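Reader: I would like to go through this structure term by term, with each label set against its cut-off. Where shall we begin?

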Amino acid sequence: MATTTAQTDATWRYTWGIRWRLWRRNSGEFWRDLKKHPAAIIGGVVIILYVLAAIFAPQITWHNPELGNLRNRLLPPVWMEGGSWDFPLGADAQGRDIYTRVVYGARVSLAVGVLAVGISVIVGVALGALAGYSRGRVDDVISRFADLLMAFPFLIFAIGMMAFLGPGFTNLILALTFKGWVEFFRLARGEIISEKTREYVEAARVTGRKHWQIIVHEMLPNIVQSIFVLTTLRMGFMIVTEASLSFLGLGIQPPTPAWGSMVAEGRNYLLNAWWVSTMPGLAIVGLVLAINVFGEGLRDILDPRLKIE
């Protein structure tokens, strides 16, 4: 018994030693390829800055994001006449600091993006792997349901879901994920169908491994790169959709700072206080552009057909 345990421990250490060396080699190759994409590096740095700002929002701001003072109503940014360093990006119609609200709004957008995409990945990949590996009736049922959801434009579908569920953070996540998993399902299903014909899958069956072990341990690691790239690109889409719903009054409700609702609040002041809508709008553009640029760079790096020689 002691010999068997020692052999098992030795095998475990040997296996994880190989995995560690492979991880270090792949990480080195990834960073070397990333250096060939300076735009992706800049996008990644911008994303990190947004994340840090969201995490340390209480430390880098000095106003309450939900409370204002009408004496500061529509105060211009600091570089304009009448501006104040206490309100570097100006104030809105309620006298609230726009800089503070933009920083706290990053928390909402990033949280919605991460949760909506994360749940969509889990559901979509799980159903895609199940449908692609099982095929038959299971595949037909799930695929037809996915096709039905694909017939609806995403934003129109989300508006209908929010009108039915009502505004709120939890309902917003449900509305975005109810259709958001379809893209990941289609990708995972196609990749699993392709991988199913490979020799290593047949070898795993011959050794007596269970179906779920073949999917989880053998097939999913070979398609995780494609899933990761799609995850990055869909993150920006979810953030824009959340901002659109908040702009329409169906997403995050005031006074909670959300970029979409902040843009909507400044519509009536575009001629004499353009900064009320412009600043949160620029925050949306900056984050989504950085995510898309970083995602495009990852696609070029991780897809062997697109790698730069």
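Author: Let us begin with a helix pair, in which Gln225, Phe228, Val229, Thr232, Leu233, Met235, Gly236, Ile239, Val240 and Ala243 of H9 meet Ile284, Leu287, Val288, Ile291, Asn292, Phe294, Gly295, Glu296, Leu298, Arg299 and Leu302 of H11. Contact here means heavy atoms within 4.5 Å, and the helices are DSSP runs (H or I, at least four residues; strands are E, at least two), numbered from the N terminus. By class, this contact of H9 with H11 has 14 nonpolar, 5 polar and 2 charged residues, where Ala, Val, Leu, Ile, Met, Phe, Trp, Tyr, Cys and Pro count as nonpolar, Asp, Glu, Lys and Arg as charged, and the others, Gly among them, as polar. The model is a predicted one, in which local features need pLDDT of at least 70 and side-chain atom pairs count only at pLDDT 80 or more, while totals for chains, interfaces and linings use all residues. Residues are numbered from 1 along each chain as its sequence is written, and side-chain values use heavy atoms, with hydrogens and water left out.

Reader: Why are H9 and H11 called roughly antiparallel?

Author: Helix H9 (residues 211–247) and helix H11 (residues 275–302) pack at about 165°, with their axes 9 Å apart. The axes are lines fitted to C-alpha atoms, for helices over the stretch in contact, and angles run from 0 to 180 degrees between N-to-C directions. Angles under 35 degrees count as roughly parallel, over 145 as roughly antiparallel, 65 to 115 as roughly perpendicular and the rest as oblique. H9 and H11 are therefore roughly antiparallel to each other.

Reader: What makes H5 and H7 oblique?

Author: The axes of helix H5 (136–150) and helix H7 (residues 169–195) come within 10 Å and cross at roughly 130°, so H5 and H7 are oblique to each other. The contact is made by Asp139, Ile142, Ser143, Phe145, Ala146, Leu149 and Met150 of H5 and by Phe178, Lys179, Trp181, Val182, Glu183, Phe185, Arg186 and Arg189 of H7. Its residues divide into 9 nonpolar, 1 polar and 5 charged. This crossing of H5 and H7 is left-handed.

Reader: How do you know that the pair of Tyr50 and Trp259 is edge-to-face?

Author: The structure holds 8 aromatic pairs. In this one the ring centres of Tyr50 and Trp259 are 6.1 Å apart and the planes stand at 75°, so the pair is edge-to-face. Rings of Phe, Tyr and Trp (its six-membered ring) pair if their centres lie within 6.5 Å, and planes under 30 degrees apart count as stacked, over 60 as edge-to-face and the rest as tilted. The pair links distant parts of the chain, with Tyr50 in helix H2 (residues 38–55) and Trp259 in helix H10 (residues 259–265), 209 residues apart.

Reader: Why is Thr241 called buried, and why does Val123 count as partly exposed?

Author: Buried means under 20% relative accessible area, exposed over 50%, and partly exposed in between (1.4 Å probe, protein chains only). Thr241, in helix H9, has a relative accessible area of 5% and is therefore buried. Leaving aside neighbours within four places in sequence, Thr241 is in contact with Phe154, Leu155 and Leu176. Val123, in helix H4, has 33% relative accessibility, so Val123 counts as partly exposed.

Reader: What makes the phi angles of Leu74 and Arg135 worth a note?

Author: Leu74 has a positive phi of about 55° although it is not a glycine, and phi of Arg135 is near 55°, again a positive value in a residue other than glycine. Leu74, in the loop between helix H3 (57–60) and helix H4 (98–134), is buried because its relative accessible area is 15%. Arg135, in the loop between H4 and H5, is partly exposed because its relative accessible area is 36%.

Terms used:
Left-handed = near helix turned anticlockwise from the far one by under 90°.
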